Amino acid sequence: MTVETEDLNHSSDDVVAVVSRLIRFDTTNTGEPETTQGEADCAQWVAAQLAEVGYQPEYLESGAPGRGNVFARLKGADSSRGALLIHGHLDVVPAEPADWSVHPFSGAVENGYVWGRGAVDMKDMVGMMIVVARQLKRAGIVPRRDLVFAFVADEEHGGRYGAHWLVDNRPDLFDGVTEAIGEVGGFSLTVPRPDGGERRLYLIETAEKGLSWMRLTARGVAGHGSMAHNQNAVTAVSEAVARLGRHRFPLVRVDTVVQFLAALSDETGLTFDHDSADLEGMIEKLGPMARMLTAVLHDTANPTMLKAGYKANVIPATAEAVIDCRILPGRKAAFEAEVDQLIGPDVSREWIRDLDPYETTFDGDLVDAMNAALLALDPGARTVPYMLSGGTDAKAFARLGIRCFGFAPLRLPPDLDFSSLFHGVDERVPVDALRFGTDVLAHFLTHC
Ligand SMILES: [Zn+2]
């Protein structure tokens, strides 16, 4: 494709212009390779921004035409130190323009925000990566270790045509990589202090719940809808779905969550006792972020799809449901046993997507470098580890033994309902947060 010449001027060094431009590529991931377009154009544009300052980026497609990815490596001073992967996905989830205040692919810069689908998930970080990669190259900075910048396809549908394909088919792209940063972490959460003040915490993602999609199938006896019938597959699957959907899995606090709650307690003076029945109530005092934070206290099993029947007066022989299960580290066997109890012997289950949870420790040189970079630009803040309830491409990279962190730094206004912007209407990112994040990322990548 041809790159617009207006895109190859100095505006590619301004993170606001870059993020706005990235949003104007409609990289909607529909979940179907045939109808997912735009990643290739976007990836080619990213490659051009990197090539312009002297990188030799590799553009490649992952498993289907148009699933564009870009990799570029900046040589570090000491190749015996493991390389650092900095990854961001180019695809976004669909957006319905009628619901939005601005067109979701306009990249409008208004009222101190860049607006559009992908503004926080995650063209914000992609833009910061491009700008910092260009700064480092142009200034002739040799980082301490190799830096591998990766811009990938298909994260929003599980990475089968993106990160997982790259790990399976092109492991050479990750040669020497020992650690990685990407979404979802590095953003600020402002909490109240007992003295009436506030404290800005930066949440570094060190853990993710597992992502497991389960199909339930009930097999009964087909028959006429007018007759007495006690082996109805629709009834059987419905009962299993209702029991699962209403079930509360036990409160489990994994290491990362224990550390997170300890830090919260430390800062706010609130107590988050292990046995407290009102733990979620305490967390809710922290505001809108609570929905994300309480989801890591339990496994969840949310029914999302149902399929059965073909005629009003025919009882079908089978009926199916899909359940979106998110499972904590170390809980898989106990979770399955609990599910089997709930669905009963007449309903069978199978995994149709099954990605392991991930957890690493909050220590070491890389964590120190994140901490130093954030404190250099926001003295008085504090970094804390946290667990993401969703999944990211880190699950793919972790399969190569890479230690993964969510670190896409943003200093957010205290009252912004950040977690609701992910996949939400009027997704937007503060201009100030982007500029701050770019400075933090530049500091981090120079010193890590
Ligand atoms: Zn994302």
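This briefing covers a zinc site, a central set of paired strands, the cysteines and the aromatic contacts of the structure above. The model is predicted, and every value below was computed from its atoms. The zinc ion is coordinated by H89, D121 and E183, strand β9 is largely enclosed by the rest of the structure because eight of its eleven residues are buried, and the count of aromatic pairs comes to eleven.

**Zinc site**

- The angles among the four donor atoms run from 54 to 156°, and the site of the zinc ion is irregular.
- Along the sequence, the donor residues of the zinc ion follow the spacing H-x31-D-x61-E.
- D121 lies in the loop between β5 (113-115) and α3 (123-138), while E183 lies in the loop between β7 (177-182) and β8, so this pair ties together parts that are 62 residues apart in sequence.
- D121 and E183 are buried.

**Strand β9 and its partners**

- Strand β9 spans residues 198-208, and eight of its eleven residues are buried, so the rest of the structure largely encloses this strand.
- Strand β8 (residues 187-192) runs antiparallel to β9 and is joined to it by six bridges, with P192 standing opposite E198 in β9.
- The hairpin of β8 and β9 has five residues between the strands, and within this hairpin G196 takes a positive phi near 95°.
- With strand β17 (residues 382-388), β9 pairs in the parallel sense over seven bridges, and L203 stands opposite V384 in β17.
- Strand β16 (residues 358-359) is joined to β9 by two bridges and runs antiparallel to it, with E208 standing opposite Y358 in β16.
- In a regular strand, side chains alternate between the two faces of the sheet.

**Cysteines**

- A disulfide is a covalent bond between the sulfur atoms of two cysteines.
- The structure holds zero disulfides.
- For C404, the closest cysteine sulfur belongs to C448 and is 14 Å away, which is too far for a bond.
- C404 has a relative accessible area of 1% and is therefore buried.
- C325 also counts as buried, because its relative accessibility is 0%.

**Aromatic pairs and charges over rings**

- A pair of aromatic rings is described by the distance of the centres and the angle of the planes.
- The count comes to eleven aromatic pairs; one of them joins F25 and W45, whose ring centres are 5.9 Å apart and whose planes stand at 55°, so the pair is tilted.
- F25 lies in the loop between α1 (15-24) and α2 (39-52), whereas W45 lies in helix α2, so the pair ties together parts that are 20 residues apart in sequence.
- Both F25 and W45 are buried.
- Y113 and W115 form an edge-to-face aromatic pair, with 6.3 Å from centre to centre and 65° between the planes.
- Y113 counts as buried because its relative accessibility is 17%, and W115 is buried with a relative accessible area of 11%.
- The charged end of R21 sits over the ring of F25, 4.0 Å from its centre, and the charged end of R21 also sits over the ring of W45, 6.0 Å from its centre.
- One aromatic cluster is formed by F187, Y386, F418 and F422.

Terms used
Residues are numbered from 1 along each chain as its sequence is written. This is a predicted model: local features need pLDDT of at least 70, side-chain atom pairs count only at pLDDT 80 or more; totals for chains, interfaces and linings use all residues. Side-chain values use heavy atoms; hydrogens and water are left out. Buried means under 20% relative accessible area, exposed over 50%, partly exposed in between (1.4 Å probe, protein chains only). Helices (H or I, at least four residues) and strands (E, at least two) are DSSP runs, numbered from the N terminus. Two strands pair if DSSP finds at least two bridges between them. A disulfide is a pair of cysteine sulfur atoms within 2.5 Å. Donors are N, O and S atoms within 2.8 Å of the metal (3.2 Å for Na, K and Ca); water is not among the atoms, so sites may look incomplete. Four donors count as tetrahedral if all angles lie between 85 and 135 degrees; four count as square planar and six as octahedral if opposite donors are over 155 degrees apart and all others between 65 and 115; anything else is irregular. Rings of Phe, Tyr and Trp (its six-membered ring) pair if their centres lie within 6.5 Å; planes under 30 degrees apart count as stacked, over 60 as edge-to-face and the rest as tilted. A charge sits over a ring if NZ of Lys or CZ of Arg is within 6 Å of the ring centre and within 35 degrees of the ring normal.
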